[in-house]
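Colleague: I would like to learn how to read a model of this kind, one feature at a time. Please give me the general idea and then the case at hand.

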Amino acid sequence: MATRQTRTLARLMMAPAVVLLLVWMIVPLSMTLWYSFENYNLLNPANRSFAGLLNYQFFYTDPAFWQSIANTLILVVGVLLITVIGGILLAILLNQPIFGQGIVRILVISPFFVMPPVAALVWKNMIMHPGYGVAADIARFVGVEPVDWFAQYPLLSIVIIVAWQWLPFATLILLTALQSLDSEQEEAAEMDGANVVQRFWHLTLPHLARAITVVILIQTIFLLAVYAEILVTTNGGPGYASTNLAFLIYRTALLSYDVGGASAGGVIAVILANILALFLMRAVGRNLD
Amino acid sequence: MARTVSTRHKAIATVAAWFIALLIFFPILYTVVTSFKTEPEAIAGISLIPSGTFENYVEVQAQRDYFKPFMNSVIVSLGSTLIALVIAVPAAWSMAFSPTKRTKDILMWMLSTKMLPAVGVLVPIYLIFRDTGLLDTRLGLTVVLTLVNLPIVVWMLYTYFREIPGEILEAARMDGASLMNEIIHVLTPMALPGIASTMLLNIILAWNESFWTIRLTAAQAAPLTAFIASFSSPQGLFWAKLSAASTLAIAPILIMGWFSQRQLVRGLTFGAVK
């Protein structure tokens, strides 16, 4: 039974974390909101004035904005498709009895621990480089023209790199979930004459549903914020071909010094993320009880 | 019959799994191999046998002072993790052992701050840091990474603490243990594994964080993420050296990661998948 004293103590123990996160959330966010209604450029900081909705209008009518939204969606959906489908197949494969399972697991999970700038530069220079990359070597070996990945398919190249980073995560989570599948149930289904496809569809997939939801939602949070991979490979280009919303806001803020415009973009990004967050909270919250 | 099928099954699965695993691991393997090549070798085509030079590692240190960003990474990731733990342990503790009606709401709200896109607060944080002299300091970066990862730390600890049976607490209290004794002798030994896992995962996350570390630092406080990103400019087109720098940057975390696979699943799914 909680006495008044222990309840006070509990509150005190919680206070630092709650207060710090509250400040961290409210102060910068309200500043972003405030700036988004201002004409404020760092090149001319003395000349600040109220702008009303001009920044939003400016951001909204900029063709780069719509392209960046489209790129963000392609990046998120593309990577999710590759990692979830690939992750399910790979998890099923790794769940079979195989020799050296431990080592295989370690090899497969590894890309997840590679920091984004390293992942992006390794792929850019050593795999996808049109002159010296491994992909070009292979292309020449089989007698086709090497592809200049980042010039011809900038967004696809980034999707590939990011998918390489996140496939291990999806695989690991789905494999963990698979391992809790009741093998007796599987055997019973097999006895009853259910074939591989039927067993996958009616037994494995429903069992994985929760894990798949979690993978999709958590990856979405991180995929919306892809930044370093773009910075070190295409720098958002050519033109705006591989600029996502996060990168566009960075570009507006720190390359054009447009505080007002970048803040309007930031507010839009926050709203979009919140809509998605709502779904995540529901899913995770249900799993709490 | 069943036995022969399962042997063949195992053989096929083994070959397929190893093939895919090596394919996925190849970019990392190739980076490590290239780091032991000479620069002409590095661009001479696919070869998995380097001439075995350590020159690149020496050069990266001599030309670019590798040790400095490395130490920045160590200090910032360890520092932010420890501070986050100091703040989060009491919070998670009280949520796990004296939950109120609002505990779940608070946890959810904390998680929601994690979903705040960094670009949404980039401008104010940048301006605050510029005006307070925190730009390009390890202190400033440590503070930001602490706050960025605090929700995950609280959550992870909470899921671990919740598994400690409450009856043990009752029993200790019956025996007349004071709160202090209760914490030191009963709970700490049971909580340590969870705290250790949380620490490990958080160090990995902080080490690899690549938005704030790149944007808030320059020459002085740049950790490895920012250091490696600086190789993207044309002057950095030295693949063998880039590989050496990359190998050093990912090796410690890769090894830590291999040991923390299970905790990773748990931590990153907020306990939803175990």
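Colleague: Which residues of α5(A) are buried?

Modeller: A residue is buried if 20 or more other C-beta atoms lie within 10 Å of its own, exposed if 12 or fewer, and partly exposed in between, with C-beta atoms placed from the backbone. In α5(A) the buried residues include A:Pro116, A:Pro117, A:Trp123, A:Lys124 and A:Ile127. Since 12 of the 12 residues of α5(A) are buried, the helix is largely enclosed by the rest of the structure. Helices here are DSSP runs (H or I, at least four residues), numbered from the N terminus.

This is a predicted model, in which local features need pLDDT of at least 70 and side-chain atom pairs count only at pLDDT 80 or more, while totals for chains, interfaces and linings use all residues. Residues are numbered from 1 along each chain as its sequence is written, and chains are lettered from A and ligands numbered from 1 in the order in which they are written.

Colleague: Is A:Pro168 buried or exposed?

Modeller: A:Pro168 counts as buried because it has 26 C-beta neighbours inside 10 Å. It is found in helix α8 (residues 154–179) of chain A. Two residues are in contact if their C-beta atoms lie within 7 Å. Leaving out residues up to four places away in sequence, A:Pro168 touches A:Val108, A:Ile109, A:Ser110, A:Pro111 and A:Phe112.

Colleague: How are two packed helices described?

Modeller: By the angle between their axes and the distance between the axes. Axes are lines fitted to C-alpha atoms, for helices over the stretch in contact, and angles run from 0 to 180 degrees between N-to-C directions. Helix α9 (residues 179–208) of chain B packs with helix α13 (residues 261–268) of chain B at about 85 degrees, with the axes 10 Å apart. That makes α9(B) roughly perpendicular to α13(B) (65 to 115 degrees; under 35 is roughly parallel, over 145 roughly antiparallel, the rest oblique).

Colleague: How many residues does each chain bring to the contact?

Modeller: Chain A brings 81 residues and chain B brings 78. On the side of chain A, helix α1 (residues 4–35) gives the most, with 17 residues.

Colleague: What does the model score?

Modeller: The scores are ipTM 0.87 and pTM 0.88.

Key
Helix = DSSP H or I, 4+ residues; strand = E, 2+ residues; numbered from the N terminus.
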